[in-house]
Amino acid sequence: MAEISTFEEALNYIKNKQSLGIKPGLSRIKKVLEAAGNPQNSYKIIHVAGTNGKGTVAATVAKALENSGFKVGLFTSPWVTDYREQIQLNGELIPKAEFVRGACELYNMKSDCTEFEALTYIMYSYFARAGADYAVVECGMGGAGDSTNVELNNLAVITSISLDHTDFLGGTVGEIAEEKSGILRKNCSCVLYNEELREHFEGKCKKLITRGITDNLSLVNAVLDELQFKRVNELVMLPARQERIGNILLDGGHNVGAALALSPLIENETAVIAMLRDKDVSSYLEIIAPKCREIIATQINNPRAMSAEELAEIARKFCDNVEICKSASEAVGHTGVTLVCGSFYLAREIRNIL
């Protein structure tokens, strides 16, 4: 690529960095942010880590701050309908021209950042240029080694922790909690969902808040209390998070925690399911499949996707009626489908069809 001048060129440049894979560590992101004058230190940051509920908690906190009259950036992933939805300011997607500007800066630095690191750079620099008062920043994965973990000060928020990304974060909930505790700052506060994991967070921050937190709404309100903002009565609904489209429930969650949250909402479903092979597929299906009268196992267009055949083989341990359909779009057209779940990539492929 000679240079970047259009949004499509910028998007291709960032997306092509997927081939670099996931590389935990902060050296690459720190290098490009330092070259840009460390824009992440020009506004207040609420930093959200955890296994489940990060996006919903982050979006609800951001909306509450915006409703109080502040200019608020929001960084969440993965995207479902538009790549730019990952970077928003007061509910508006990052303008295409700003996305192009950030991509150009990285290109001119000859950056070796991964896709998520590049997105992180574009986010932090855009919020600074836009004059944000606050940025609510969701970790992509983990905490200590996540590319978002570069600010001097923050209010740390830790949502529900369970097993996920064990290849990178550790094989126990305690090890994962240790990794997530890496976003805490000695002179700052932390709001923690899992009080039983407090030993992994104590001593790493000035104040640890755990009292009265039983769900995501009470977690959000504990954050707002700490910030001295007005409490809210409901959570912001995000696409593909227990989202109802007609008579179909769409959920992109892919781990045991997400399955446990989805389970009470379903019964006797006809489900279209696809998953990535690096997830704990068996444990997810053990919770979801018994609540399905029929499962259509399918696969998504992703190099990490589990094949429909392999998914079906696992699903048959927990459900007697399992079919295979290799096309996700065809699977969703199956008569009587009431549930689509197992992957945000699946949600992305079929949400517009729904």
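Modeller: Let's start with one term: two residues are in contact when they have heavy atoms within 4.5 Å of each other. With that in hand, take the contacts in this protein chain between residues at least 6 apart in sequence: 70% of them join residues at least 24 apart.

Biologist: What kind of model am I looking at, and how are residues numbered?

Modeller: This is a predicted model, where local features need pLDDT of at least 70, side-chain atom pairs count only at pLDDT 80 or more, and totals for chains, interfaces and linings use all residues. Residues are numbered from 1 along each chain as its sequence is written, and side-chain values use heavy atoms, with hydrogens and water left out.

Biologist: How many helices and strands are there in the protein chain?

Modeller: Helices (H or I, at least four residues) and strands (E, at least two) are DSSP runs, numbered from the N terminus. Here the protein chain has 13 helices and 14 strands. Its radius of gyration, taken over C-alpha atoms, is judged by a globule rule of 2.2 Å times the number of residues to the power 0.38. The chain comes out at 20 Å, close to the 20 Å that the rule gives for 354 residues, so it is as compact as a globular protein of that length. Along its principal axes, the C-alpha trace spans about 60 × 55 × 35 Å.

Biologist: What share of the residues counts as buried?

Modeller: Buried means under 20% relative accessible area, exposed over 50%, and partly exposed in between (1.4 Å probe, protein chains only). Of the 354 residues in the protein chain, 56% count as buried.

Biologist: Can we look at the sheet? In what order do the strands of the open sheet run?

Modeller: The idea first: two strands pair if DSSP finds at least two bridges between them. The open sheet here has 8 strands in the order 4-3-2-5-1-6-7-8, with mixed pairing. Strand 4 (92-93) and strand 8 (207-209) stand at the edges with a single partner strand each, so one side of each has no neighbour in the sheet.

Biologist: And strand 1, is it mostly covered or mostly open?

Modeller: Mostly covered: strand 1 (residues 44-49) has 5 of its 6 residues buried. Strand 1 pairs with strand 5 (residues 134-138) in the parallel sense over 5 bridges, and with strand 6 (residues 155-158), also parallel, over 4 bridges. Find Ile46 on your screen: its bridge partner in strand 5 is Val136, while in strand 6 its partner is Leu155. For Val48, the partner in strand 5 is Glu138.

Biologist: Let me try a residue in another strand. Where does Ala271 lie, and what is Ala271 in contact with?

Modeller: Ala271 lies in strand 11 (residues 269-273), and is buried, with a relative accessible area of 0%. Leaving aside neighbours within four places in sequence, Ala271 is in contact with Cys292, Glu294, Ile295, Ile296 and Leu339. For a sense of distance, the C-alpha atoms of Ala271 and Ala130, 141 residues apart along the chain, are separated by 43 Å.

Biologist: What about a helix residue: which helix holds Ile350?

Modeller: Ile350 lies in helix 13 (residues 344-350) and is buried, with a relative accessible area of 0%. Beyond neighbours within four places in sequence, the contacts of Ile350 include Leu250, Ala328 and Val340. The C-alpha atoms of Ile350 and Ala331, 19 residues apart along the chain, are separated by 9.6 Å.

Biologist: Now the backbone. What should I expect of phi and peptide bonds?

Modeller: Most residues other than glycine have a negative phi, and most peptide bonds are trans. In this model, the peptide bond from Ser77 to Pro78 is cis, with omega near 0°. Pro78 is in the loop between strand 2 (72-75) and strand 3 (87-89).

Biologist: And which phi values do Gln228 and Gln242 have?

Modeller: Both are positive: phi is near 65° for Gln228 and near 50° for Gln242. Gln228 is in the loop between helix 8 (216-227) and strand 9 (243-245), and Gln242 is found in the loop between helix 8 and strand 9 too. Gln228 is exposed, with a relative accessible area of 74%, whereas Gln242 is partly exposed at 30%.
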